[in-house]
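This report describes how two protein chains meet and how some of their side chains are arranged. Please look over the sequence and the structure before reading on.

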Amino acid sequence: MAETEADAAAAPAAAPGRLRNAFGGVLCAFTLILIGVLAFSIRLFSVIKYESVIHEFDPYFNYRVTQFLSKNGIYEFWNWFDDRTWYPLGRVIGGTVYPGLTLTAGSIWWLVNALNIPLSVETVCVFTAPIFSAFASWATYLLTKEAKGTGAGLMAAAILGMVPSYISRSVAGSYDNEAVAIFALVFTFYLYVKTLNTGSLFYATLNALSYFYMVCSWGGYTFIINLIPMHVLLCIVTGRYSSRIYIAYAPLVILGTLLAALVPVVGFNAVLTSEHFASFLVFIILHVVAFVSYIKGLLTPRLYKMAMTLVITVGMAVCFAVVAILVALVASSPTKGWSGRSLSLLDPTYASKYIPIIASVSEHQPPTWPSYFMDINVLAFLVPAGIISCFLPLSDASSFMVLYLVTAVYFSGVMVRLMLVLAPAACILSGIALSSAFDVLTRSMKFQLSKLFDDGSAISGSTEATSASTVNTNSSKGENKTEKSEAAPKEKSSKKNRRKEKEVTESVPAKSKKEKRLSVLPLEASVIGTLLLIILGGFYVVHCVWAAAEAYSAPSIVLTSRSREGLHVFDDFREAYAWLSHNTDVDDKVASWWDYGYQTTAMANRTVIVDNNTWNNTHIATVGTAMSSPEKAAWEIFDSLDVKYVLVVFGGLVGYPSDDINKFLWMVRIGGGEFPHIKEPDYLRDGQYRVDAQATPTMLNCLMYKLCYYRFVETDGKGFDRVRGYEIGKKHFKLTHFEEVFTTHHWMVRIYKLKPQKNRVRAKLRKLKSGSKSSSTPAAGRKNPWQ
Amino acid sequence: MAALRLLLLLAAAMLLVVASRGDASGAAPRGRKLLVLVDDLAVRSSHSAFFGSLQARGLDLEFRLADDPKLSLHRYGQYLYDGLVLFAPSTPRFGGSVDQNAVLEFIDAGHDMILAADSSASDLIRGIATECGIEFDEDPEAMVIDHINYASTEVEGDHTLIAGDDLIQSDVILGSKKIEAPVLFRGIGHAVNPSNSLVLKVLSASPSAYSANPKTKLASPPSLTGSGISLVSIMQARNNARVLISGSLDLFSNRLLKSGVKKAGSKTRHEKSGNEQFVTETSKWVFHERGHLKAVNVAHHKVGETNEPSMYRINDDLEYSVEIYEWSGTSWKPYVADDVQIQFYMMSPYVLKNMSTDKKGLYSTSFKVPDVYGVFQFKVEYQRLGYTGVSLAKQIPVRPYRHNEYERFITSAYPYYAASFSTMGAFFIFSFAYLYHK
């Protein structure tokens, strides 16, 4: 809301134009600083309510990598072969990680330490995301300003600074790629639009560099390299080709692809995978169009027509050849050239059908309707208005906004995680909508007020005209611009060239005055409308603050719950990891489901079998198979992987729903996908995973069940599982191949040790002798498990 | 004052000497203190020849009655003995704090045991044997009977004194000198599970033997028959604790050790039975005076270097060496064999190679690290009949090339270099001409 006040403050100061502009510029700068402070400080709830810790899963990996970087330098980081994850395969971290975030935080850390500010790496990591969200809101200001002027820019920046969807990924401690990537995304778009508007090669080069930073930061860069070609194509198809489009696009493709290929994790993918093909295709089309328009200027219409047919035939032939080659290439590769994640974007049901490992991640699920209201709140209603505003008039920049929004809406409907990409688009369009609404309302208010004033003082019609024009000039710079652009389509040549615009501006006021008068609203309506919009904005702010404070600040490694007795803190994860790091040998291997891999390596510093990187499906399937096998088979699998400890997360005692039993279906599915002896129906009763009395025997005998519910009945005597809401099926059992070594305070993490092979092999007795041998008789008659 | 200082110095020097000597010779794999549990102290004299041979080899025997109420295997968490000779077949329970589990824990802690049963074997003794993987015939009256391979004596008996000569073919267990005379055995038979790789039959019965009560008529077919019956078996646990279980206490007795033997149907009469040699050699094996290997000084490094790296790179050439010694009873002697293998292992062996030996205990080989990165292990798994297992595993990561370890310029790519540089040059000339040529 700050910028409306700014506008309001600017309005009375009806000083000469230049001074007013300077004053507006200063105000705008202050507003931007305030927006930055707002964006930063709204993300600090997690630090205030909990503590300054890294959140969740992936941030722990990024944190560990940053620690390595700050300790060993960039070359060691680049060549880092990590032997503590994916045992025994290891992982080449340097070549498989998007280094942007790590390098950014590492540079910040290096810089502050060079300035003798002794910050720890962890502190820097925790606060990287809030800092970059401030940058992101400034980038949004720049982008929106390019499209619709300063007012819309400030509005959009303020909205983006506190949009819950972005907050959810960038609270202090949420040290993940998206934290810097959203800034890079918006900034790349800004530079693209800027190049489009100015036709400057300087900005085109900056654009390629910014794209490089985005490629470094996040796999979502493919969104850019597909969206921009789409927009270029749109411009070409709608007959808006110009040299500025060429300058905005061609250097980006060439430089951007070259730079992207420098990032180890992308490498040759930048020219080999289907995600990048669209950009090359559009690149070719753009050249054809450029060539055609060049020829058009040279030739007479008749010759041109002839040349046209020639070019089209040759072009078609070449196109067919290229398409044929592409199809052949793509068809020869097993995944048809598309990575699983991209395929699941295009076909939302793809992942759940074929790749359980993608479908198993909750953030890869399609979002529900409430999540839209949760994450973008009132913006969902403002966006359509913003689209309409973008069409009045449609410029290259505003068409880009619309295209960005439409594609982002589609992608967010596929994966809840991509809601994050939608957030900036929604903010920009809402900013545009609100800004133009305020624009119309305040202008009509001013006009009505001045008319009222004029009527009162009974000044002649000529002064009225001057005052009307004063109103016009009074309005802020952003308004000026909207007027310009509103007037522009009538000029037919709606190119957003700066110099041209200036000419247009001078010619506008007299002409547009009449139209302005027609669009003036009654005073009461505009006052009420303004108030309603401010109230709407107020609701949005209240919702954002609530979301930041309550919904998105939990670090997920520390949980809290409120009850009548007061606040409960569940710090079981760190308790378990600390136990591991203090009580186990430094080279011991810990097996757990992959969700906890990053945390185990970062917090407990122990070697893990699988982690959240999920690059090797077979390895994950091996662990899934072990978890869904009976004890003996599981012991054999774990022993073959040199596993010493098994860690399971169990929420049944305190009602923590995202525990391993709820994730168990994915273990079965992923395991069964690679090892067909694990059959999902064996675990299902009436199509459901159950662990109560109706559970299948396979379920009740699998390792995961046993490790989760071992001794569980001792807690309440009944074995009542609070997550599932029923009593468990098998209550009393013993473990033969595993022994419990640690269970945290709330039983949320349980750690088991693999028993060593038996020292002796017992002979089996053909008949049990009665009454003799008090001890160790239960094992009698059972086949020796290790043979 | 000075004298005191001198004394201290002397003491320190002596300590040093002792320590260095200990290093030089290498400690024996086992201590020499044995506990002998007997039913009846008469056993001490009736089996004195066997005990004498043990004592002659430097073993320190402590005789106790099996039901001695002060019996204890350990005190303050330390075991008091290094081995156990259980010559108390009929004792129903041990005295003091010792019970079946205590004996088994004693073994699991890496100690050795000789257990001799008899036709009067108690459930306790049978239970210990069962836990070691050996099943005595369940019929408490049964003995091993062999109507063909019995030892002919003056009186025609019930053919329960077996003249066994079906011995295991292993120099390390029975010594390098062949046992010529049959081994006399009178007692109960047992069976071992063939799938149990830890248990070996040392003395097996002949195909004509069976296990039954010699005093009654056979009502049903005997449960144990033929060469499936084992008379004396050994078990080497996974922690290399060694156990010898015999179905006959008489086997160790002076009477059978000293007596001559003539196998029924055979013409040769041996002046002395094979028992003495048999019990001496097997007891040497049990108490780790033979067949105990140790692997020391594992070293690996790149070819041409001496320092051990913390990580290898793919396609490195490396050398691996390990020294293996065998305890001879008095000192560590180099172990010589040609079948010691090294594995370079990551989920499966990528390299599996025989190591060459210099006959002085040093085994070494060199090989190329495979073109696969990951966390590998140097594994030596050497399990041979009668020897303690050598099982070494050393984790070593193998990394891919660093960014600057690839070839800087590739010969086959020179056309591309030429193309790109000529394009650059041409573009420069073109720009120059375009801009300044008017």
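**The interface**

The model is predicted. Across the interface of chain B and chain A, four salt bridges are found. One pairing between the chains joins A:E76 to B:R402 in a salt bridge, with 3.2 Å between the closest N and O atoms. There are also 14 residue pairs in polar contact between chain B and chain A, both residues of each pair being at pLDDT 80 or more.

On the side of chain B that touches chain A, several elements of chain B supply at least two residues each: the helices α4 (100-108) and α5 (123-131), and the strands β7 (134-136), β27 (374-382) and β28 (390-399). Sorted by class, this side of chain B holds 18 nonpolar, 14 polar and nine charged residues.

Chain B brings 41 residues to the contact, and chain A brings 32 residues. The size of an interface is often given as the accessible area lost when the parts come together. For chain B and chain A the buried area is about 3300 Å², and carbon and sulfur atoms give 49% of this area. Of the area that chain B buries against chain A, 20% comes from B:E131, B:E138 and B:R238, which is more than any other three residues supply.

**Chain A as a whole**

Chain A contains 35 helices and 13 strands. It has 787 residues, of which 52% count as buried. Among the contacts in chain A with a separation of 6 or more, 73% are between residues 24 or more positions apart.

**Aromatic pairs**

Over all chains the count is 62 aromatic pairs. In one of these, A:W579 and A:F742 are stacked, because their ring centres lie 5.1 Å apart and their planes stand at 10°, under the 30 degrees that stacking requires.

In chain B, B:F51 and B:F63 form an edge-to-face pair, with 4.8 Å from centre to centre and 85° between the planes. B:F51 is in helix α3 (residues 48-56) and B:F63 in strand β2 (residues 60-65), so the pair ties together parts of chain B that are 12 residues apart in sequence. B:F51 and B:F63 are buried as well.

The table gives the relative accessibility of the residues in these two pairs.

| Residue | Relative accessibility |
|---|---|
| B:F51 | 2% |
| B:F63 | 14% |

Ring pairs also build a cluster in chain A, made up of A:F650, A:Y705, A:Y709, A:Y710, A:F712, A:F733, A:W747 and A:Y752.

**A histidine in a loop of chain B**

Is B:H288 buried or exposed? B:H288 has a relative accessible area of 1%, under the 20% cut-off, and therefore counts as buried. In chain B, B:H288 sits in the loop between α8 (275-286) and β19 (292-302). A polar atom of the B:H288 side chain is 3.1 Å from the backbone oxygen of B:N240. Apart from neighbours within four places in sequence, the residues in contact with B:H288 are B:P29, B:R30, B:D112, B:N240, B:R242, B:W327 and B:T388.

Terms used:
Residues are numbered from 1 along each chain as its sequence is written. Chains are lettered from A and ligands numbered from 1 in the order in which they are written. This is a predicted model: local features need pLDDT of at least 70, side-chain atom pairs count only at pLDDT 80 or more; totals for chains, interfaces and linings use all residues. Side-chain values use heavy atoms; hydrogens and water are left out. Contact means heavy atoms within 4.5 Å. Buried area is the accessible area (1.4 Å probe) that two parts lose on being put together, summed over both. A salt bridge is a side-chain nitrogen of Lys or Arg within 4 Å of a carboxyl oxygen of Asp or Glu. A polar contact is a pair of N or O atoms within 3.5 Å; within protein, one must be able to donate a hydrogen and the other to accept it, and residues adjacent in sequence count only if both atoms are side-chain atoms. Helices (H or I, at least four residues) and strands (E, at least two) are DSSP runs, numbered from the N terminus. Ala, Val, Leu, Ile, Met, Phe, Trp, Tyr, Cys and Pro count as nonpolar, Asp, Glu, Lys and Arg as charged, and the others, Gly among them, as polar. Rings of Phe, Tyr and Trp (its six-membered ring) pair if their centres lie within 6.5 Å; planes under 30 degrees apart count as stacked, over 60 as edge-to-face and the rest as tilted. Buried means under 20% relative accessible area, exposed over 50%, partly exposed in between (1.4 Å probe, protein chains only).
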